[in-house]
Amino acid sequence: MKEHIIKLIKEHSKLSYQELLDLICCESSELAEVISQMEDLLIFKRGKYYSLIDGEKLVLGTIVIRNDHLYLKTDNASYFVSDEYFDVVFDKDVVVAEINKNIYRDEVRSNASILKVVKHSNTEIVCKLSKKVYRGKKVFTVLDPNSNYEEIYVSLKDLKGAHIGDICILKLNYSKGEMYANVLKIIGHDSDIGSDILALIASSKIPYEFS
């Protein structure tokens, strides 16, 4: 059925779920199960319509951060990504993106607009709580060397007892293109002996607690 769905969408450019159901003539539950296996890998839903991730207009690729710039790497090409997406992606995130072609000084240039993050490479990050407050949210200074963030804002209700100077592991949550964070674990205080070593170990995803 997957091949049939791909063929139909290619022929019609885009199709809604109901249109696919009418064309394939199968049980709705059967179609729903197959589409769930294909979505964000072979097909992408925008609004109520499915389009093919064809490797030309829509692509599946991996985010690469190099020299403070974002790029999208696919099997066949590399595309520039606007810095505006720094707030929603990490290095090595897998995303669905739309490729846009622009003319710059008589040269055709391609860039990618991120439509959806399919898989985040990072769900936890090591930070230290600083004194700054922004729009009612306290600021964590990021200690994780693998992050492209410098600071992360956390609402007061999500501090879980953390105080200024505490080094914590934050849980990152992504919803509708925005990132939220809450304190998952307090490692120690910045003044504690060895806290910098624990922070480095935690950032490297190496277990630092043993039974």
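**Helix H1 and its packing**

In this predicted model, the axes of helices H1 and H2 come within 11 Å and cross at roughly 115 degrees, where axes are lines fitted to C-alpha atoms, for helices over the stretch in contact, and angles run from 0 to 180 degrees between N-to-C directions. Helices (H or I, at least four residues) and strands (E, at least two) are DSSP runs numbered from the N terminus. The contact, meaning heavy atoms within 4.5 Å, is made by His4, Ile5, Leu8, Ile9 and His12 of H1 together with Leu20, Leu23 and Ile24 of H2.

Within H1 (residues 2-12), the buried residues are Ile5, Leu8 and Ile9, buried meaning under 20% relative accessible area and exposed over 50%, with a 1.4 Å probe and protein chains only. Seen down the axis of H1, these buried residues fall within an arc of 95 degrees, taken from the directions from the helix axis to the C-beta atoms, so they line one face of the helix. On the other side of H1, Glu3, Lys10 and Glu11 are exposed. The buried residues of H1 pack against strand S1 (15-16), helix H2 (17-24), helix H3 (28-38), strand S2 (43-46) and strand S3. Ser13, which follows H1, has a positive phi, near 75 degrees.

Average pLDDT, the predictor's confidence in each residue from 0 to 100, is 83 for the chain, and 84% of the residues score at least 70. Residues are numbered from 1 along each chain as its sequence is written. Local features need pLDDT of at least 70, side-chain atom pairs count only at pLDDT 80 or more, totals for chains, interfaces and linings use all residues, and side-chain values use heavy atoms, with hydrogens and water left out.
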